[in-house]
Amino acid sequence: MAPSPSSWICDGVPKNGRTYPNASGAHPPYENFGPDCAVCGLPREAMEPASRANSSKKSPLPLVAVALGVALLLMGGMGFLSYRLFLTNRENNPPSLSGRSTSGSQLVSKTTARNAAYISQGERILISEPNPQRVALKQEAALAFDRGDWALAIAKYQELVALDPNDPESRIYLNNARARQAGNPMTMAAVVPIGTSPDTAKEVLRGVAQYQEQFNASAPNRPLEVVIVNENSPNGVTSLAEDLINSSIQGVLGHGTDANSRAALQVYEQAGIAALSPLTTNVIPQGNSRVQVQTLSLNEKGKQLLNTYLDNAAQTLAEAVAKKVPHAKVALFYNSDSPYSNELKSKLTAVLPQFGAQVVQQRDVAAGFNANTAMTAARQAAANAVVLAFSRARVNEAVALAIANQTQTPPLQFFGSDQLYGPDLLIKGDSAINGMILAVPWSTNPNDPFAQQAAQAWRGQISWRTTTAYDATQALAQAMAKGGDRASTQQLLRQGVQIQGQTASGTFNRVPLVQAAPGPNGPKGSNYQFNPLSGI
């Protein structure tokens, strides 16, 4: 493939000797016209050999060659001008090929300057794939999507979904290609932590994909398209938010409880875009299996919802501690670099004594940490229970403490918050986390109809994040469809949207408990699973 004068070829392998950890890897040669590769995210400079990129000296051209070049330039001036006009028109208006549709607005990543490599509607793969066969197939699907060949993109992404039904990214891109082929889609963004917590990102995206598929199958006036956004851009989440604001998206789902997430949510609010967080979207039963959704689209309401959730989570944990460990003396671990962890720690410190438990030690793992030393100190402080008020970035510390606890005689009972709920804890902790009790907003009850439906769709158990993301996507999509624009969508969500909720159990008002136990239904690589816990 020979590039045109204004384009460049990328194969995903840097030629300048530098490394780009956020690029997606090798792929078939692809012609690009922008600053970054549309397939893998590498910048143009990565395809320039190091000697060429670093050289500031040019070999002088022979006099004859210079003269010839001048002559050709004079002779072909008009032709060159015409060719440049053709190239400019090609860059701004890519050719429509046979069997390809140009329906839908320009891809969001094509309109962004700073974070294009972290944004995709199907034109690039954001979640790493360990299977080489699927890597090649995903690159083919992404290339077809990027070129607007919806029929081919649909075929490739259908093949990927058939090969791995548990992959939410491919399913969303398949739904997007169908929506683009149908024409005039309405577009929302799903902002998830792919870089720091890919399992958490997948859990959220499964809920998004499941409702997107259901919504589009209902033959709406406008199909739903989802832009997946990796929130771990080095430019920061507020920069990502600005990119999305400058695009065609109508609403945003995503973000969590940390300071960066709150800053991004504030940027969306100021721009008049509705933003829902799966964690702090409150589902309130209204009778007849219908629910009202309160959202985090407003700062004050969002703070109120988060505080309400943390109050209920702290109370649930404190009550569980008191019932499971009479006359409990608690070693409370937290990480001060997380506002979520700080706030939960403060609420636990206040509420534990109300249930007869005494906090005998508080330990900040962000200020230096050794698990064995920490557990020895907890035992010396007469602790007989451990409560982990960690953020999701501290799963490794939770596992280290659980392993160190195995050397204690007898081992202390462990409790924790929803942020530890996920496959990493079960896989890394193994027998050390046996019996650990967590408070989470939802649990996979096998008798729950939605749990059964989702387990069939994803070929396995789902987490509470999948369920709350499903409900939040339903609320946002219905408001988008009814409102038609950003302002109307935000206004509808301010008022509260009635949906046929799947959680429909007030789980943000009363936070259920789960317990780690041996079993076959855990994640691959683990002999443990989370079981719903009642009676304590």
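The following conversation concerns a predicted model of a protein chain.

Trainee: How many helices and strands does the protein chain have?
Mentor: The protein chain contains 18 helices and 17 strands.

Trainee: And what share of the residues counts as buried?
Mentor: Of its 536 residues, 52% are classed as buried.

Trainee: Turning to contacts with a separation of 6 or more, what percentage comes from residues 24 or more positions apart?
Mentor: Such residues account for 71% of those contacts in the protein chain.

Trainee: Where is Glu123 found?
Mentor: Glu123 lies in the loop that runs between strand S3 (119-120) and helix H5 (132-146).

Trainee: Which side chain of opposite charge is nearest to Glu123?
Mentor: That is Arg124, 4.1 Å away. A salt bridge requires a separation within 4 Å, so Glu123 is buried yet has no salt bridge.

Trainee: What does the side chain of Glu123 reach, then?
Mentor: It reaches the backbone nitrogen of Gln121, at 2.8 Å.

Trainee: A change of topic: where is Pro43?
Mentor: Pro43 sits in the loop between strand S2 (30-32) and helix H1 (50-54).

Trainee: Why does Pro43 count as buried?
Mentor: Its relative accessibility is 18%, and buried means under 20%, so Pro43 qualifies.

Trainee: Which residues is Pro43 in contact with, leaving aside neighbours within four places in sequence?
Mentor: Pro43 is in contact with Trp8, Tyr20, Pro35 and Asp36.

Note on methods: Residues numbered from 1 in each chain as written. Predicted model: local features only at pLDDT ≥ 70, side-chain atom pairs only at ≥ 80, totals over all residues. Heavy atoms only, no water. Helix = DSSP H or I, 4+ residues; strand = E, 2+ residues; numbered from the N terminus. Buried < 20%, exposed > 50% of the residue type's maximum accessible area, 1.4 Å probe, protein only. Contact = heavy atoms within 4.5 Å. Lys, Arg positive; Asp, Glu negative; His and termini not counted. Polar contact = N/O pair within 3.5 Å; in protein donor to acceptor, adjacent residues only side chain to side chain.
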